[in-house]
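User: I have a chain open here and would like to go through it with you. Could you take my questions as they come?

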Amino acid sequence: MSQTIIKNGAIFIADAHENENRRHFLKFLKSLKEGEIKTSQLFIMGDMFDFLSDFCDYSLEFASEYIKLLDELGERMEIHYFEGNHDFNLSKIFKNINVYPIEKQPANFLTQNQESVQIAHGDIFLPFVDKYALRFLRLKLFLKSINFIDNILNFKISKAIFTKLRDKNLSYKILNFREIIARHLVNFDAKFVIEGHFHQGEIIKFENYEYINIPCFAYDQSYFVVEYDKNIKFANTRGQNV
């Protein structure tokens, strides 16, 4: 199976953490629809909502406008959505975009120069306990049971989760980020590794490979745009009117 090429002008956007008080990603999608922001290839790197799952009615109702917009955009452009630890079980929600659950991450792509690229949200290769705790939260039976109870309680569980996450600090600096990523990268096998999740918005160059961490869109509405010259480059772009 041939690997997808990352195009010139491709947009990488991550960690919008949308909720009732934060609607920048919705404005971004509307700008794409209206042609105010232009691209033919969009990489959505996960955690775009404080919570979204196929098995949570409250989150589906909140995200209904986003889902409709993304499916409309998926008919006009190539969209790749990497599930995060806040948004998962999305494959049945979206009809026109490529969804990558955690089991299919990292996903392999190529640059225009045929260099290898691996893309993931960023919450893979975790310590054993963390890994299986997050996998448990994605279980269909668990989510369906909680959703059943949530409906009976008039969505008190969902509302409590959204309220708790609404005021979470999303802007922080990881002081030893380079050292953490150096250890993290032993799990990958590519010239370029691209992730969100960490909210750092940094490009770190090592001897034989490069790590690209997409900025937290919720914080300052910035994202990376691919620009090719001799090599692939990533320009930090601040969204206008979003």
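This is a predicted model: local features need pLDDT of at least 70, side-chain atom pairs count only at pLDDT 80 or more; totals for chains, interfaces and linings use all residues.

User: Where does L110 sit, and what does L110 touch?

Analyst: L110 is placed in strand β8, where strands (E, at least two residues) and helices (H or I, at least four) are DSSP runs numbered from the N terminus. Not counting residues up to four places away in sequence, L110 touches Q3, T4, I5, I6, E115, S116 and V117, contact being heavy atoms within 4.5 Å. The C-alpha atoms of L110 and K7 are separated by 9.3 Å, although these residues are 103 residues apart along the chain.

User: What about the peptide bond from Q105 to P106?

Analyst: That peptide bond is cis, with omega near 0°, and P106 is found in the loop between β7 (98-100) and β8 (107-110).

User: Stepping back, how many helices and strands are there in the protein chain?

Analyst: The secondary structure comes to eight helices and 14 strands.

User: And why does the radius of gyration agree with a compact globule?

Analyst: It agrees because a compact globule of 242 residues would have a radius of gyration near 18 Å, and the protein chain has 18 Å; the radius is taken over C-alpha atoms, and the globule rule is 2.2 Å times the number of residues to the power 0.38. Along the principal axes, the C-alpha atoms fill a box of roughly 60 × 45 × 40 Å. Buried residues make up 51% of the 242 residues, and of the contacts with a separation of 6 or more, 66% are accounted for by residues 24 or more positions apart.

User: Which residues have the most contacts inside the largest nonpolar core?

Analyst: They are I13, F25, F28 and Y81, in a core of 39 residues, a nonpolar core being a set of buried Ala, Val, Leu, Ile, Met, Phe, Trp, Tyr and Cys residues joined through side-chain atoms within 4.5 Å. At least two residues of this core are supplied by each of β2 (11-13), α1 (24-34), β3 (41-44), α2 (57-62), α3 (64-74), β5 (78-82) and β13 (222-228). A second, separate core has 21 residues, including A10, F12, V117 and I119. As general background, nonpolar side chains tend to be buried together in soluble globular proteins.

User: Which residues are buried in α3, and what covers them?

Analyst: In α3, the buried residues are Y66, I67, L69, L70, D71, L73 and G74, and their cover includes α1, β3, α2 and β5.

User: What does S158 contact?

Analyst: Leaving aside neighbours within four places in sequence, S158 is in contact with C56, Y58 and D150. S158 belongs to helix α6 (residues 156-166) and, at 4% relative accessibility, counts as buried.

User: Is L141 buried or exposed?

Analyst: L141, in helix α5 (residues 140-152), counts as exposed, because its relative accessibility is 68%.

User: Last one: how does E227 relate to N8?

Analyst: The two are 219 residues apart along the chain, and their C-alpha atoms are separated by 5.4 Å. E227 is in strand β13, counts as partly exposed at 43% relative accessibility, and touches N8, I232, K233 and A235, not counting residues up to four places away in sequence.

Conventions. Residues are numbered from 1 along each chain as its sequence is written. Side-chain values use heavy atoms; hydrogens and water are left out. Buried means under 20% relative accessible area, exposed over 50%, partly exposed in between (1.4 Å probe, protein chains only).
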